[in-house]
Amino acid sequence: AIISVGTELLFGQITNTNSVFLSQQLNNLGVDVMYHYTVGDNPKRLAEMIRQAFTDCDLIVTTGGLGPTQDDLTKEIAAEVLHDELVLHEDLLEELEQYFKKLNRVMTENNKKQVYLPSRAVVFDNDAGTAPGFALEENGKTIICMPGPPREMTRMFERRVKPYLESKSES
């Protein structure tokens with residue numbers, strides 16, 4: 001299942017090109033995409049959607065909701081549903097601080113939120129933006145969470161997620 005997260009998608013403010021890209025890429029890897037879901041930035045509905053998708057699917061790929069704002073809650077909900085907790089990844093914090101330093105910008109405190117990830121996560125760095133992605137597994141179920149901006153998501157998929165999925169299919 002592919003879950004696209006963001007109220008802006010539901011309001012028609014942006015076109016969801018991520019689902020098209022992911023469907024093509026996953027099918028090329030031999031992964032059958034059975035569902036596309038779009039859910040707003042609502043923690044209760046997102047948790048329900050993840051639980052519902054896991055009744056039929058072993059793999060969920062999400063886009064969106066990993067940023068620094070208060071309504072970016074995908075990783076919090078994914079961790080909750082898969083019984084994990086968010087922890088600060090010091091190495092990612094250092095990278096984020098360096099990123100802002102390179103841009104000659106001050107990193108605001110809310111950006112730190114992006115480097116709190118599930119403790120059991122396989123982390124995917126984001127070399128096109130600031131929000132890392134991750135994979136989280138529990139009892140044969142996997143959720144892969146990637147950022148929503150298409151440029152960030154496509155690069156992360158091609159460079160990090162695709163090799164991760166290929167390694168899983170070989171084992």
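Contact here means heavy atoms within 4.5 Å.

## Basis of the report

This is a predicted model, in which local features need pLDDT of at least 70, side-chain atom pairs count only at pLDDT 80 or more, and totals for chains, interfaces and linings use all residues. Residues are numbered from 1 along each chain as its sequence is written, and side-chain values use heavy atoms, with hydrogens and water left out.

## The sheet

Strands (E, at least two residues) and helices (H or I, at least four) are DSSP runs, numbered from the N terminus. Two strands pair if DSSP finds at least two bridges between them. An open sheet of 6 strands runs in the order 2-1-3-8-7-6, with mixed pairing. Strand 2 and strand 6 (122-124) are its edges, each pairing on one side only.

Strand 3 (residues 59-63) pairs with strand 8 in the parallel sense over 5 bridges. Within strand 8, Ile143 is the bridge partner of Ile60.

## The nonpolar core

A nonpolar core is a set of buried Ala, Val, Leu, Ile, Met, Phe, Trp, Tyr and Cys residues joined through side-chain atoms within 4.5 Å; buried means under 20% relative accessible area (1.4 Å probe, protein chains only). The largest such core has 30 residues, and Ile3, Leu46, Ile50, Ile60, Phe134 and Ile143 have the most contacts inside it. Among the elements giving two or more residues to this core are strand 1 (2-5), helix 3 (43-56) and strand 8 (141-146). Helix 3 gives the most, with 6 residues.

Beyond four places away in sequence, Ile3 touches residues including Tyr37, Leu46, Ile50 and Ile60.

Methods: Buried means under 20% relative accessible area, exposed over 50%, partly exposed in between (1.4 Å probe, protein chains only).
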